[in-house]
Amino acid sequence: MINPVNMWGLGSRRIELESDRYILHVDRVASTMDTARKLLSKGDRQVLAVAAGFQTKGRGRRGGAWVAPPDSCLLITYFLPPTPSATFDAQQISFAAGVAVAQAITSATDGEITPKLKWPNDVIVGNKKIAGVLIEIATGVEPDQIVPLVGIGINVNVPEFPADIADVATSIELETGLLCDVNSLEEIVRKNLLMLAEEGWQEVLSLWRSYDATTGIRYTMDHEGNRVEGIAVGISDSGALQLRVGDTILETVAATSSAG
Ligand code: BTN
């Protein structure tokens, strides 16, 4: 008989949690986002997250790739509780996840790293990215409900990056000179995320702002049919980016930082 856990990929195992939930860990998958969707479509309600040792098609925001060396990083997709599609707030979940990751890196490194957040949700140290967050939704699970999928990639035990991204990427190992236990880091991220996902928007926004390093960064955005460049001056009360373009302050939810 096929062990149902093994159908999800090479070397998969369940990590049982204190609750009646579990994390499915798979040595190698295309993307934990896709495996998460498959698990949901099979009706599995006990799984809390899908983690991978290696992804062959890891996804980043804006259709980009997320590449991480094998068995050295946190690559995970969490399922948040199903929520009515009408009340789902992607901005809130995204900010909550960014804060959860920034807090977790700070605490796992005993404050040796104090990352910042760059809108919309890059977790950075200096001007280099140490972690990223990808929010997707799964529909059709329950009528009129969606399941938020929170994909998190943290660069943990990576001693160096390829030359083409070495200027823009960093890792916990590079910043501290120390190896960090990925499972312990995951536990902190999980606890933070589940707690913050229950918080109201004002609390999440205020925490996010306490990590914010967006002001002064250059972004480009579409405005009246043109691509315009501006300098970030803040984050609005709804979580939108505020850009100074010439003499005007524009608000947008779809800007790209000029540095990537
Ligand atoms: C970003 O571009 O900043 C978001 C990166 C998100 C990467 C994580 S790794 C685990 C999960 N699975 C994926 O394919 N992507 C997310």
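Two strands pair if DSSP finds at least two bridges between them, and strands (E, at least two residues) and helices (H or I, at least four) are DSSP runs numbered from the N terminus. This is a predicted model, in which local features need pLDDT of at least 70, side-chain atom pairs count only at pLDDT 80 or more, and totals for chains, interfaces and linings use all residues.

**Strand pairing around S10**

- Strand S10 (residues 218-223) pairs with strand S11 (residues 226-235) in the antiparallel sense over 6 bridges, and within this pairing Thr-220 stands opposite Glu-229 in S11.
- The hairpin of S10 and S11 has 2 residues between the strands, and in it Glu-224 takes a positive phi near 50 degrees.
- S10 is also joined by 2 bridges to strand S14 (residues 256-257), again running antiparallel, and there the bridge partner of Thr-220 is Thr-256.

**Helices H2 and H5**

- The axes of helix H2 (residues 90-108) and helix H5 (residues 201-210), which are lines fitted to C-alpha atoms over the stretch in contact, come within 9 Å and cross at roughly 45 degrees.
- The contact (heavy atoms within 4.5 Å) is made by Gln-91, Gln-92, Phe-95, Ala-96, Val-99 and Gln-103 of H2 and by Trp-201, Val-204, Leu-205, Leu-207 and Trp-208 of H5.

Notes. Residues numbered from 1 in each chain as written. Heavy atoms only, no water. Axes fitted to C-alpha atoms, helices over the stretch in contact; angles between N-to-C directions.
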